Amino acid sequence: MKSFLSKITIFGSIFFTIILAPLLLPITHSTYRMWEALSASNESLFDGKFYPNFNVHKIEVGDLAHHTQYAIPKEVSWQTDAFGFRNSVFVRTPDIVFIGESNIAGSTLDQAETISSRVQAKTSLSCVNLAPYTFDEFLQALAEQVVDKPKYLIFGIIEREIPRLQGFTPKSDGVSFTKKLKRNFYVQTILTQYDRASKYNFYRNLMARLSGSQGDGIQSPIDERMFFLHGQKSVLATDDAFVSNHADRIRSYADYCDSLGIQFVFFPIPNKETLYFELAQLDHQPAYLKKLHKKLLDRNVVAINTLALFTDYKKKQKELLYHFDDAHWNGNAIELMASELATLLSSFKKS
């Protein structure tokens, strides 16, 4: 009996050390970016993609050169709402809903620098950021009463993800009992701890440090400080059928928004390699976004020519629009885009 109890004690101690002890550490302890710290690995646990009800700060570095001499520390704060979205305040009936991917959610950016925060500051329109969210997930959020129908849906997405855009399925209104239960604060707390334990961030980080793992970005041969995600492999095809298919898909989003009485606005975010093609050793600027914008205009989609906007800024200003050590845009790009969106939104009010 004593032997059995001893084994149980030893097993319990090992279980506590491996699984539970790391949960006593700050949630940002074992990651180099806030994104990895707050992202839920099981996306079905919450409405949003992040752990709900957090307000945390961290000195983080970019995803392309972490744990190298080229990593650039950035002090950022993140706040998530009760649904698991990155909002300081969740507005149930907002003027604007933002959807998209990590650039829209604000990876590498402080809470006050996110595109939704800056547009709200410039327009006084209430904004809710649902990113990273697809169009189909936005419809799900409407159906499940996460958010009411907004006046505007603004969809921003990085160039390389546009070919992955999918169709959508209109959803029936209603919230299941399970979904209601998962929105309970105490249930969310338990689910957060469960998901944290399942990610093994502490041990992954420990193994990464022992193995000397570093960011695997592609270093520019022209400026050693600059890193890219895909380099020369980032260039998308420009044949007519390929680009037209993407424009048609985006037009279908706009059509469905029209049927709901929502003004749809689309903007692509150029790949870092597209804007800084010289530093990525590309012979010329990739033409995919130019062709896509023309096809969107032909289809009467309200779209911002972000590439032209950013290219013009690049010619006139010395400041970068993307981080040296990360694939995402920085605060300069956010400010530029927020001003462009504010002007566009103002024109809607006048018309």
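Q: Is the crossing of H5 and H9 left-handed or right-handed?
A: In this predicted model, the axes of H5 and helix H9, which covers residues 240-260, come within 11 Å and cross at roughly 20°. Because angles under 35 degrees count as roughly parallel, H5 is roughly parallel to H9. The handedness of the crossing of H5 and H9 is left-handed.

Q: Which class of residues, nonpolar, polar or charged, makes up the contact of H5 with H9?
A: On the side of H5 the contact is made by Phe135, Leu139 and Leu142, while H9 brings Tyr253, Tyr256, Cys257 and Leu260. By class, the contact of H5 with H9 has no polar and no charged residues, and the seven residues in it are nonpolar.

Q: Which elements give two or more residues to the lining of the largest pocket?
A: The largest pocket has a volume of about 470 Å³, and of the 25 residues that line it, the closest to its centre are Gly100, Glu101, Thr134, Ile157 and Glu161. The lining of this pocket divides into 10 nonpolar, six polar and nine charged residues. The elements that give two or more residues to this lining are helix H5 (135-143) and strand S5 (152-158).

Q: Which helix supplies the largest share of the lining of the second largest pocket?
A: About 350 Å³ of space lies in the second largest pocket, which is lined by 21 residues, with Thr31, Trp35, Glu36, Asn201 and Arg204 nearest its centre. Helix H2 (34-38) and helix H8 (201-211) each supply at least two residues of this lining. The largest share, five residues, comes from H8.

Key:
Residues numbered from 1 in each chain as written. Predicted model: local features only at pLDDT ≥ 70, side-chain atom pairs only at ≥ 80, totals over all residues. Heavy atoms only, no water. 1 Å grid on protein atoms, 1.4 Å probe; cavity = no way out; pocket = protein on both sides within 12 Å on 5 of 7 lines; lining within 4 Å. Points joined across faces, edges and corners; volume = space filled by probe spheres on them. Helix = DSSP H or I, 4+ residues; strand = E, 2+ residues; numbered from the N terminus. Nonpolar A, V, L, I, M, F, W, Y, C, P; charged D, E, K, R; others polar. Axes fitted to C-alpha atoms, helices over the stretch in contact; angles between N-to-C directions. Parallel < 35°, antiparallel > 145°, perpendicular 65-115°, else oblique. Left-handed = near helix turned anticlockwise from the far one by under 90°. Contact = heavy atoms within 4.5 Å.
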